[in-house]
Amino acid sequence: MAPKTAQVEKSVPTEEEMQKAQEIVQNYNNMRAEIQEMTSKINELDTERNEHALVVRNLTPLDPNRRCYRSIGGVLVERTVKEVLPLIQKNLDQIDSWIKARTDKLKEKEKECDEFRARYNIGLGQSSKEEE
């Protein structure tokens, strides 16, 4: 009978163990939230990149001396295609580099999160019956 009692006592977590488990799950949830934020920002930058690429595609065949308008801080400024096109291309290249850097960081964070989940054996949608 003594071993069964020890087994029952062992299966009931202490308050300290419960608190530590909650902290681990909270850390994991924070990591997942950060990953979602990063993904959202990458999608936002991708949309901006597509808009810049569309402008570059539309301006490229035009006469370089043709007038065009560019919005700078909410103000339309008149320029020529030859003045605007290099600036938009530069912005497009910069957005591409930001996306690449953020995607690399996202992959690192996802790997870190997966390792954290494996280290603490955090299940995704597992019921308590499966753990028994």
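Is His-52 buried or exposed? His-52 has a relative accessible area of 17%, and buried here means under 20%, so His-52 counts as buried. Keep in mind as we go that this is a predicted model.

Setting aside its neighbours within four places in sequence, His-52 is in contact with Ile-88, Asn-91, Leu-92 and Ile-95.

Now step back to the chain as a whole. It has four helices and two strands, and from the N terminus on these elements run α-α-β-β-α-α. Of the 132 residues in the chain, buried residues make up 18%. Among the contacts with a separation of 6 or more, 63% are between residues 24 or more positions apart.

Follow α2 along its length next. This helix covers residues 15–59, which is 45 residues, and it reaches 66 Å from its first C-alpha to its last, close to the 66 Å expected at 1.5 Å a residue. Its buried residues are Ile-24, Tyr-28, Met-31, Ile-35, Met-38, Ile-42, Leu-45, His-52, Val-56 and Leu-59. What covers the buried residues of α2 includes α3.

That brings us to α3, which spans residues 81–119. It has 39 residues and reaches 56 Å from its first C-alpha to its last, close to the 57 Å expected at 1.5 Å a residue. Just after α3, Asn-121 takes a positive phi of about 50°.

How do the two helices sit relative to each other? The axes of α2 and α3 come within 8 Å and cross at roughly 160°. An angle over 145 degrees counts as roughly antiparallel, and α2 and α3 are therefore roughly antiparallel to each other. In passing α3, α2 makes a left-handed crossing.

Look between them for the nonpolar residues. In soluble globular proteins, nonpolar side chains tend to be buried together. Here the largest nonpolar core has 13 residues, of which Tyr-28, Ile-99, Leu-106, Cys-113, Phe-116 and Ile-122 touch the most other members. The elements that give two or more residues to this core are α2 and α3, and the largest share, seven residues, comes from α2. Apart from this core lies another, of seven residues, among them Val-56, Leu-59, Val-81 and Val-84.

Cys-113, leaving aside neighbours within four places in sequence, is in contact with Tyr-28, Met-31, Arg-32 and Ile-35. Lys-109, also placed in α3, has 14% relative accessibility and so counts as buried. Not counting residues up to four places away in sequence, Lys-109 touches Glu-34, Ile-35 and Met-38.

Definitions and conventions
Residues numbered from 1 in each chain as written. Predicted model: local features only at pLDDT ≥ 70, side-chain atom pairs only at ≥ 80, totals over all residues. Heavy atoms only, no water. Buried < 20%, exposed > 50% of the residue type's maximum accessible area, 1.4 Å probe, protein only. Contact = heavy atoms within 4.5 Å. Expected span 1.5 Å × (residues − 1). Core = buried A, V, L, I, M, F, W, Y, C linked by side-chain atoms within 4.5 Å. Axes fitted to C-alpha atoms, helices over the stretch in contact; angles between N-to-C directions. Parallel < 35°, antiparallel > 145°, perpendicular 65-115°, else oblique. Left-handed = near helix turned anticlockwise from the far one by under 90°.
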